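Reader: I am new to this structure and would like to learn how its features are read. Could you take me through a few of them?

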Amino acid sequence: MARWSDPIQLKQYYHWKRELNHPGVYEIGFCISEQFNAKYIGKASDTIYKRLYKHWNRLGSASIARYYEEKKRKEQRDMLYFHFIVTENYDAMEANLLDRWGIGKDGGSYEWNRKYEPLEE
């Protein structure tokens with residue numbers, strides 16, 4: 001059974017290319033007292049690596065890009081972490097987690113997600 005990886009600094013994503021070179025689900029957030037606090041959830045139908053590359057280079061979520069703009073100092077930007085799970089069932093897993101924890105505009109846990117992408121049946 002697949003499990004979530006340990007948290008990894010987002011700036012270190014490129015060191016994990018082999019492990020991230022699969023489809024799956026990932027969360028981006030902060031580590032506070034060794035506890036991962038997710039702010040964003042995403043899925044990757046191609047590779048998790050490509051999605052994290054886009055987020056790190058401000059080509060992904062507008063919410064994450066805004067965080068970068070607000071945190072001009074590099075050490076603040078370096079506070080972002082991610083963890084991931086490799087799965088071919090990425091659509092259903094992301095949809096279930098969004099349904100369970102909710103998005104930011106609705107007061108949910110995923111504050112940086114702005115919309116639901118429901119699973120099409």
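Reader: Leaving aside its neighbours within four places in sequence, which residues is Ser63 in contact with?

Author: Contact is counted when heavy atoms lie within 4.5 Å, and in this predicted model Ser63 has Trp112 and Arg114 as its partners beyond those neighbours. The side chain of Ser63 also reaches the backbone oxygen of Trp112 at 2.9 Å. Ser63 itself sits in helix α3 (residues 62-70), where a helix is a DSSP run of H or I of at least four residues, a strand is a run of E of at least two, and both are numbered from the N terminus.

Reader: Is Ser63 buried or exposed?

Author: The words rest on relative accessible area, with buried under 20%, exposed over 50% and partly exposed in between, using a 1.4 Å probe and protein chains only. Ser63 is buried, because its relative accessible area is 6%.

Reader: What span should helix α5 have, and how far apart are its end C-alpha atoms?

Author: The expected span of a helix is 1.5 Å times one less than its number of residues. For the 12 residues of α5 (residues 90-101) this should give 16 Å, and the end C-alpha atoms are 16 Å apart, so the two agree.

Reader: Which residues of α5 are buried, and what covers them?

Author: Tyr90, Ala92, Met93, Glu94, Ala95, Leu97 and Leu98 are buried in α5, and their cover includes β2 (24-32), β3 (35-44) and β4 (80-86). Just after α5, Gly102 takes a positive phi of about 80 degrees.

Reader: Where is confidence lowest, and where is it highest?

Author: Confidence is given as pLDDT, the predictor's own value for each residue from 0 to 100. Its mean is lowest in helix α4 (residues 74-77), at 62, and highest in helix α1 (residues 17-20), at 96, while the mean for the chain is 86. Because this is a predicted model, local features need pLDDT of at least 70 and side-chain atom pairs count only at pLDDT 80 or more, whereas totals for chains, interfaces and linings use all residues. Residues are numbered from 1 along each chain as its sequence is written, and side-chain values use heavy atoms, with hydrogens and water left out.

Definitions and conventions: Polar contact = N/O pair within 3.5 Å; in protein donor to acceptor, adjacent residues only side chain to side chain.
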